[in-house]
There are 2 protein chains.
Amino acid sequence: MERTPEQQAQIEMAKRLKKKEVVDKKIAAATEERGVSILLTGNGKGKSSSAFGTMARALGHGHKATVVQFIKGRKETGEQLFFGQHPQVSFHVMGHGFTWETRDPELEQQAAHQAWEVAKQALADENVDFVLLDEITYMYKYGYLDVADLVAALAQRPAHQNVMMTGRTAPRELLDSVDTHSKIANERHAFEGGVKAQPGIEW
Amino acid sequence: MERTPEQQAQIEMAKRLKKKEVVDKKIAAATEERGVSILLTGNGKGKSSSAFGTMARALGHGHKATVVQFIKGRKETGEQLFFGQHPQVSFHVMGHGFTWETRDPELEQQAAHQAWEVAKQALADENVDFVLLDEITYMYKYGYLDVADLVAALAQRPAHQNVMMTGRTAPRELLDSVDTHSKIANERHAFEGGVKAQPGIEW
């Protein structure tokens, strides 16, 4: 028996109200007020953009943010053009050394350590409400930084501070320590269909 | 035999260079220049924020954007506070009717249709470079809109226009039609650990 759109809408509404009851109970149980650490991993498109979108949301509420990008792109990125001069944002791109193009582990390690110093300061700063550590997990994969330092800095940071971290994979110690972890899977990518990477989407 | 950090870095560097060769070949093969349609689904945190972050990136490159939010939150969102008055952005939140709180399918359907009219215009507008249809897929789940209309509008849109759509699940017709699809899985959420939802993160 086929349902009319009205019947379908009523059935979905009933489901929603039932679900809402369950969610409302969970909301009532979640009462701890503090900043959270969020990690985005996976091979799908959307990790860095999600972190920047959350930062925009935080800025909309008047928060102050520090960004550290651990990998420098070849081109000027839209996110740096957009947020780089914003008065609530302190924006840092690893100054030299580490790009997808370089081949010098020593220079890269030096650049990783410099970027980490900036990140560490932000994670200790009461005046910073939101910290974005973009593509930081590669630094652990490549052995340039010690994840124990990050886990310790996260644990000791100001209680209200929110932190977002991105990267394709992450070490177990980090996965175990964060409050929220989303994993973004690539189901399909335009690139695989022959569409060229472009400003405003890929960078 | 344990590796020194230097040895580890060299091994990772060799892997990266090998991977880079493969990626470079794919980049050379991806030559079609056109706008893409991107869909973000899944139960994990990060779908809407990823769409807004990509929009920030597009704005950084001077693009013009239209946002239609198909579900109205109870509170003023950070994304609307941040992007709502931006000169390159036309920002629309479904005016009335559909929130997570309402219980009137008729009002909701009316609101859904009004929002779709705005979206349809944007998808036909040469001057709009980036269209964000936030939480649109719920409209198909609830039977308020016809996904065939969206698929047709996507197919007929200006060739350079990029479109991002979000929602927990999506109908097969939409999944089949988009260029890029990422699925965000919830691995862990602070909420489940008792941490209260907060401005700058959840809205």
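A:E32, A:R34 and A:D179 are linked in a network of salt bridges, a salt bridge being a side-chain nitrogen of Lys or Arg within 4 Å of a carboxyl oxygen of Asp or Glu. The model is predicted: local features need pLDDT of at least 70, side-chain atom pairs count only at pLDDT 80 or more, and totals for chains, interfaces and linings use all residues. Residues are numbered from 1 along each chain as its sequence is written, chains are lettered from A and ligands numbered from 1 in the order in which they are written, and side-chain values use heavy atoms, with hydrogens and water left out.

**Salt bridges**

Side chains of opposite charge can pair when their charged atoms come close. Over all chains, the structure holds 18 salt bridges.

| Residue | Partner | Distance |
|---|---|---|
| A:E32 | A:R34 | 2.8 Å |
| B:E79 | A:R57 | 2.8 Å |
| B:R34 | B:E32 | 2.8 Å |

In chain A, A:E32 is partly exposed at 36% relative accessibility, and A:R34 is partly exposed at 27%. In chain B, B:R34 counts as partly exposed at 26%, and B:E32 counts as partly exposed at 37%.

The side chains of B:E79 and A:R57 also meet in a salt bridge. B:E79 lies in helix α3 (residues 78-83) of chain B and A:R57 in helix α2 (residues 47-60) of chain A, so this pair joins two chains. Helices (H or I, at least four residues) and strands (E, at least two) are DSSP runs, numbered from the N terminus. B:E79 is buried, with a relative accessible area of 5%, and A:R57 is buried, with 8%.

**Strand β5 of chain A**

Five of the five residues of strand β5 (residues 162-166) of chain A are buried, so the strand is largely enclosed by the rest of the structure. A:N162, A:M164 and A:T166 point one way from β5(A), while A:V163 and A:M165 point the other way.

Two strands pair if DSSP finds at least two bridges between them. Strand β1 (residues 37-41) of chain A pairs with β5(A) in the parallel sense over four bridges, and A:L39 stands opposite A:M165 in β5(A). Strand β4 (residues 130-134) of chain A likewise pairs with β5(A) in the parallel sense over four bridges. Here A:L132 stands opposite A:M164 in β5(A).

Definitions and conventions:
Buried means under 20% relative accessible area, exposed over 50%, partly exposed in between (1.4 Å probe, protein chains only).
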